[in-house]
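The following note is intended for a colleague who is new to this structure. Please read the numbered points with the sequence and the model at hand.

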Amino acid sequence: MKRRALAGSLALLAAVTATATGCTTAGDGEAPAAPSASSPGGAPGARTAPARTLVVTDFGADTVTFVDPGRRGAAADLGSVEVGTAPYGIAVGEDGTAWVATAEGVAAVDTRTRERTALIPHRTATGPVTTGEYRGGGMGIALSPDGRSLYVGVNVPGGDGTLEVVDTARREVTRTVPVGRRPFDVDVSRDGRQVYVTGHDSFDVTVVDTGDWSTRRVEVAPYGTEGGLGSWLKPHYAAVRPSDGALLLPFEGERLAVLDPRGGRVRIEAMTADTHQHGVAVGADGTLYVVGTGPIDPAEDEGPSLTVRAPGGDEHVIALDGPHESVAVSSDGRTAYVSGGFTRDGHWNGLSVVDVESGTVTRLPVGVRPLGVAVLGAPVAG
């Protein structure tokens, strides 16, 4: 298979020093989900959405869509709000503001009133506003722990990307920092002192110091970099492990790169799903949830899936129907919400709601190529 030919042999669990250069219908039965509680009040004709409401970015439209995962069929779609061209990543603050990375800039959405309250233009020159997999503009996005700063990875077609720093009170870009190519994901350390930008096309993570804004590039390429821009074997998304702050980056359902951002060392652990992997999320207990989009080689690789990896490394692989992209998890860790958007061809307009314990999967037809997904922690006005 192509990825094994590229990699040759690799001693899993061996430590390597990274360079630092200063970068379906499967399970259509009912799955247990949050109850769909409704209550009267508010404006005439208004309703209150359930406490566990989702919001997804519609990469195939200019909107975000609100979702009640406790309902089934079309009733799960609670309506959409226009945000900007080709929305990608999403981060939700404690005040209920959803920050959405789009091709035009960062949109702020009041999730209680379901209104866009701002569109903050990118400071980075990204060329014409377009759509599709390689469009310029915002991709990964994350909030600082205190909610005062927003970090957005901005793709510059044909070149290196930037990290834009947004003051959430002033609602403007205050700084840009050079990072790697196509910044799929942005993560923040628990103390807010570092930002981690995953550069898909540059096989790296850029570690950004939020004190002096210095950067350090760490190569993360457990299969090597052969194939360059045409390679499938690149980093996509990452998650910060709660126990020690390590950055976790899955590859191909075979290898988990564990990056120590302090020393720039990468350790490789074995995985079992044997499928091309994209989105990740981590629970408070350290459980890792990883989206498998499907095979590189259909003759040899496994199909789409969700890997549930316990902190000790044991894995439970749940089959999904069709490609998926991102995952968010309920606060109790019992339910995973997996978006069907996918950055490449083969997406579908919906979410898979996965009961983690039983493996039951329920598909909800919502959104237009939904990509990013977030769980709202408070009721949303209808």
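1. Some terms and conventions come first. A residue is called buried when its relative accessible area is under 20%, exposed when it is over 50%, and partly exposed in between (1.4 Å probe, protein chains only). The model is predicted, so that local features need pLDDT of at least 70 and side-chain atom pairs count only at pLDDT 80 or more, while totals for chains, interfaces and linings use all residues. Residues are numbered from 1 along each chain as its sequence is written, and side-chain values use heavy atoms, with hydrogens and water left out.

2. Overall composition. The protein contains 1 helix and 29 strands; these elements are DSSP runs numbered from the N terminus, with helices being H or I of at least four residues and strands being E of at least two. Of the 382 residues, 57% are buried. The accessible surface amounts to about 14,600 Å², and carbon and sulfur atoms account for 49% of this area. Accessible areas come from the Shrake-Rupley method with a 1.4 Å probe, and for residues only the protein chains shown count as cover.

3. A sheet of four strands. An open sheet is formed by 4 strands in the order S13-S14-S15-S16, with antiparallel pairing. Its edge strands, S13 (183-188) and S16 (215-219), each pair on one side only. From one strand to the next the twist averages 20°; axes are lines fitted to C-alpha atoms, for helices over the stretch in contact, and angles run from 0 to 180 degrees between N-to-C directions. Two strands are said to pair if DSSP finds at least two bridges between them. Strands of a sheet pair through backbone hydrogen bonds, either parallel or antiparallel.

4. Strand S15 and its neighbours. Strand S14 (residues 194-199) pairs with S15 over 6 bridges in the antiparallel sense, and Gln194 has Asp209 of S15 as its bridge partner. On S15 (residues 204-209), 5 bridges provide the antiparallel link to S16, where Val218 is the bridge partner of Val205. Because 5 of its 6 residues are buried, S15 is largely enclosed by the rest of the structure.

5. The two hairpins. Between S14 and S15 the hairpin has 4 residues, and Phe203 in the turn shows a positive phi of about 55°. The hairpin of S15 and S16 has 5 residues between the strands, and there Trp213 adopts a positive phi near 65°.

6. The whole structure holds 16 salt bridges, each defined as a side-chain nitrogen of Lys or Arg within 4 Å of a carboxyl oxygen of Asp or Glu. Which side chain meets Arg217 at 2.8 Å, N to O? The partner is Asp204, in a salt bridge. Since Arg217 lies in strand S16 and Asp204 in strand S15, the pair ties together parts that are 13 residues apart in sequence. Arg217 counts as buried at 19% relative accessibility, and Asp204 is buried with a relative accessible area of 2%. Arg217 also forms a salt bridge with Glu219, with the closest N and O atoms 3.8 Å apart. Glu219 is partly exposed, at 30% relative accessibility.

7. The closest N and O atoms of Arg309 and Glu269 are 2.9 Å apart in a salt bridge. This pair links distant parts of the chain, with Arg309 in strand S23 (residues 305-309) and Glu269 in strand S20 (residues 265-270), 40 residues apart. Arg309 is buried with a relative accessible area of 6%, and Glu269 is buried at 13%. Salt bridges that share partners also join Glu133, Arg182, Asp201, Lys234 and Arg344 into one network.

8. Is Ile120 buried or exposed? At 4% relative accessibility, Ile120 counts as buried. Leaving aside residues up to four places away in sequence, Ile120 touches Trp99, Glu104, Gly105, Val106, Val166, Arg171, Glu172 and Val173; contact means heavy atoms within 4.5 Å. Ile120 and Glu172 are 52 residues apart in sequence, yet 6.1 Å apart in space, C-alpha to C-alpha.
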